[in-house]
Amino acid sequence: MKDKYFLREMSACRNYCLRNLMSKCMVTPVAQMGRVEMESLRVISYGGGVQSTALLVLAAQRQIDYRTFVFANVGDDSEHPATLAYVREIAIPYARSHGLELHEVGRCRRDGSIDTLWRQLHNPNLRSIPIPVRMRNGAPGRRSCTADFKIKVVGKWLRQRGASVQFPATVGIGISVDEIHRANKRRCEPYEKIEYPLLDLGLRREDCADVVAGVGLPVPAKSACYFCPLKTVEEWRLQRRDEPDLFSKAVQLEVVINEKRAMLGRDAVYLTRYGVPLGEAIEAAPLREGELDCDSGWCMT
């Protein structure tokens, strides 16, 4: 099994490298007025996790050519508090001290107020659930949360600074070699050119943790909403044990979602793959050493 996984990873790496080489060999159009300025718009989509924090350190060391980072906050009521604390108390000061920019942005409504994922999930008129809730058979549903609260928010920020189809911005994404399958699925907007600096450097997640720790920064936890249905059962157990307030809010969110679905005559959905309510699915048993595994998602970088 390990050999098959290794061969798949090597094949994916080879395909990525071939595509990357071809894109760099393409003939560049004749320079136009303003093109030099637009080509300077290079940003990292910062997630507050291990991989994108490694990119922050590599940029500070000038090992990658990025000076601007953009963190799309899905909401202070939605992001895990540890992620917000890391971004504001560690990442932003570190960036500032090394001459880098790290901007925190959010989704705005037409009236200028800030929208959040938590608020959207509690909208009484909600008909489509934006997070990947689980069906009774355990399969995750479709989601729009990453596109609506991450990709589009960063995209709006880029367009406000001149990115367009004619002059796309270069956006670096923190996907490491062990998650290379995500690079083939990552949505790309017409005003973006996507790069994967960690793939170019051949770095895995554990390498990224070493990069962060190597400059004396604490290694951040995996970044994701605290109620994300892509959590493993072990992660839910850990939250129930160590963060009971957050776990209780997630339990209540599942209740709210299903109350709305019942009014629409739809089947219940769940935050775990076990087909029962979260409070019943997650036992209060202690987490055993070595149980924790990873369900990689878009936000966990």
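Biologist: Which residues is Phe 69 in contact with, leaving aside its neighbours within four places in sequence?

Modeller: Phe 69 is in contact with Ile 44, Tyr 46, Ser 52, Leu 55, Leu 56, Ala 59, Leu 100, Glu 101, Leu 102 and His 103. Contact means heavy atoms within 4.5 Å. This is a predicted model, where local features need pLDDT of at least 70 and side-chain atom pairs count only at pLDDT 80 or more, while totals for chains, interfaces and linings use all residues. Residues are numbered from 1 along each chain as its sequence is written, and side-chain values use heavy atoms, with hydrogens and water left out.

Biologist: How many residues does the largest nonpolar core have?

Modeller: That core has 29 residues, and Phe 69 is among those with the most contacts inside it, as are Tyr 46 and Leu 55. A nonpolar core is a set of buried Ala, Val, Leu, Ile, Met, Phe, Trp, Tyr and Cys residues joined through side-chain atoms within 4.5 Å. Buried means under 20% relative accessible area, exposed over 50%, and partly exposed in between, with a 1.4 Å probe and protein chains only.

Biologist: Which element supplies the largest share of this core?

Modeller: The largest share, eight residues, comes from α3. Helices (H or I, at least four residues) and strands (E, at least two) are DSSP runs numbered from the N terminus.

Biologist: What about a second core?

Modeller: There is a separate one of 24 residues, which includes Ile 129, Leu 278, Ala 281 and Ile 282.

Biologist: Switching to the sheet. What is the strand order?

Modeller: The five strands run β3-β2-β1-β6-β7 in an open sheet with parallel pairing. Two strands pair if DSSP finds at least two bridges between them. The edge strands, β3 (101-105) and β7 (192-195), each pair on one side only.

Biologist: How many bridges join β1 and β6?

Modeller: Four bridges, in the parallel sense, join β1 to β6, residues 169-173. Ser 45 stands opposite Ile 173 in β6.

Biologist: And which strands does α4 lie across?

Modeller: α4 lies across β1, β2 and β3, and runs at about 150° to β3. For such angles, axes are lines fitted to C-alpha atoms, for helices over the stretch in contact, and the angles run from 0 to 180 degrees between N-to-C directions.

Biologist: Where is Glu 79?

Modeller: Glu 79 is in the loop between β2 and α4.

Biologist: Is Glu 79 buried or exposed?

Modeller: Glu 79 counts as buried because its relative accessibility is 3%. Its side chain reaches the backbone nitrogen of Val 74 at 3.2 Å. The C-alpha atoms of Glu 79 and Cys 225 are separated by 4.5 Å, although the two are 146 residues apart along the chain.

Biologist: Back to rings. Which residues are linked into a cluster by ring pairs?

Modeller: Ring pairs link Tyr 46, Phe 69 and Phe 71 into a cluster. Rings of Phe, Tyr and Trp (its six-membered ring) pair if their centres lie within 6.5 Å; planes under 30 degrees apart count as stacked, over 60 as edge-to-face and the rest as tilted. By this rule there are six aromatic pairs. One of them is Tyr 46 with Phe 71, edge-to-face at 6.4 Å centre to centre and 70° between the planes.

Biologist: Are those two buried or exposed?

Modeller: Tyr 46 is buried, with a relative accessible area of 2%. Phe 71 counts as buried at 0% relative accessibility.

Key: A polar contact is a pair of N or O atoms within 3.5 Å; within protein, one must be able to donate a hydrogen and the other to accept it, and residues adjacent in sequence count only if both atoms are side-chain atoms.
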